[in-house]
Amino acid sequence: MDDESRRSQDAGADRPQSLISRKNVLRAAVAAVPLPMLLGGVALARDNRPAGRPLTPTPYCDDGDDPTPPQIEGPYFKPDSPLRSSLVEPGTVGTPLTVSGFVFGLTCRPLPDVLLDWWQADDSGAYDNEGFGFRGHQFTDGRGAFTLTTIVPGLYPGRTRHLHVKVQAPGNPILTTQLYFPGEPRNETDPLFDPDLLMNVRQAGPGKEATFDFVLKTDEAASPRRR
């Protein structure tokens, strides 16, 4: 059993969902933008619907909402990952996966230029600790939006399927956390699993589409990041 599987934390409490808030108004405003401008036709992450049915909720942004929960870094993080929004390389094996969403502050303001540094296991459940396979960082655009192209990570002993990510708004502390897939049998036995970190996931042809919105506790007066 590795370091990740030996450490656990309590799952976050359920959060009430108010009907009207500044964030709901923001969602409506963003949804009013022509669909081709919204992450290739995908509106706000929490508003997606598979086959007419509601998706499992992500930690959606309401006034006074708690930030996205942190989780441990684990033993496989490497600094200095390449700048890229796709982790897929020639010859990549696995089920295609696209993860998209938005990053908000606690006041529901979408946050541009937020760093998202991703790392994950390959299709067989192995991490590339020699190079930068399935590792990369990107920044949110002017609307606070991001899109990652990758594959569904494989399983390894002690853990359910998950993606690692570090999220940092300009001039603010780093949030280190993990994202999970709904319906995974190992979600029930993984001591790190947190339902507040479930992505919305749906089938999209031979691959999968996932969505998640991050909510960060930020100092909005912090200086912009230099790239």
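**View 1. The largest nonpolar core of this predicted model has 32 residues.** If you want to find your way around in it, look for the residues with the most contacts inside this core: Val 99, Trp 118, Leu 163, Val 167, Met 199, Phe 214 and Leu 216. Several strands contribute here, with at least two core residues coming from each of β1, β2 (115-119), β4 (145-151), β5 (162-168), β6 (175-180) and β9 (214-216).

**View 2. Here we zoom in on Leu 163 and its contacts.** Leaving aside neighbours within four places in sequence, Leu 163 is in contact with several residues, including Leu 97, Val 99, Trp 118, Trp 119, Thr 177, Leu 179 and Met 199. Pro 153 and Phe 181 are also among them.

**View 3. Four strands make an open sheet in the order β3-β2-β5-β6.** The pairing in this sheet is antiparallel. At its edges are β3 (135-139) and β6, each of which pairs on one side only. From one strand to the next, the twist averages 25°. Follow β5 and β6 for a moment: these antiparallel strands are joined by six bridges, and His 162 stands opposite Tyr 180 in β6.

**View 4. Strands β7 and β8 form a hairpin.** Two residues lie between the strands, and Gly 205 in the turn has a positive phi of about 65°. Five bridges join β7 (residues 200-204) to β8, and the two run antiparallel.

View 5. One place to look is Thr 98, which has Glu 209 in β8 as its bridge partner.

Notes. Residues numbered from 1 in each chain as written. Predicted model: local features only at pLDDT ≥ 70, side-chain atom pairs only at ≥ 80, totals over all residues. Heavy atoms only, no water. Pairing = 2+ DSSP bridges. Core = buried A, V, L, I, M, F, W, Y, C linked by side-chain atoms within 4.5 Å. Buried < 20%, exposed > 50% of the residue type's maximum accessible area, 1.4 Å probe, protein only. Contact = heavy atoms within 4.5 Å. Axes fitted to C-alpha atoms, helices over the stretch in contact; angles between N-to-C directions.
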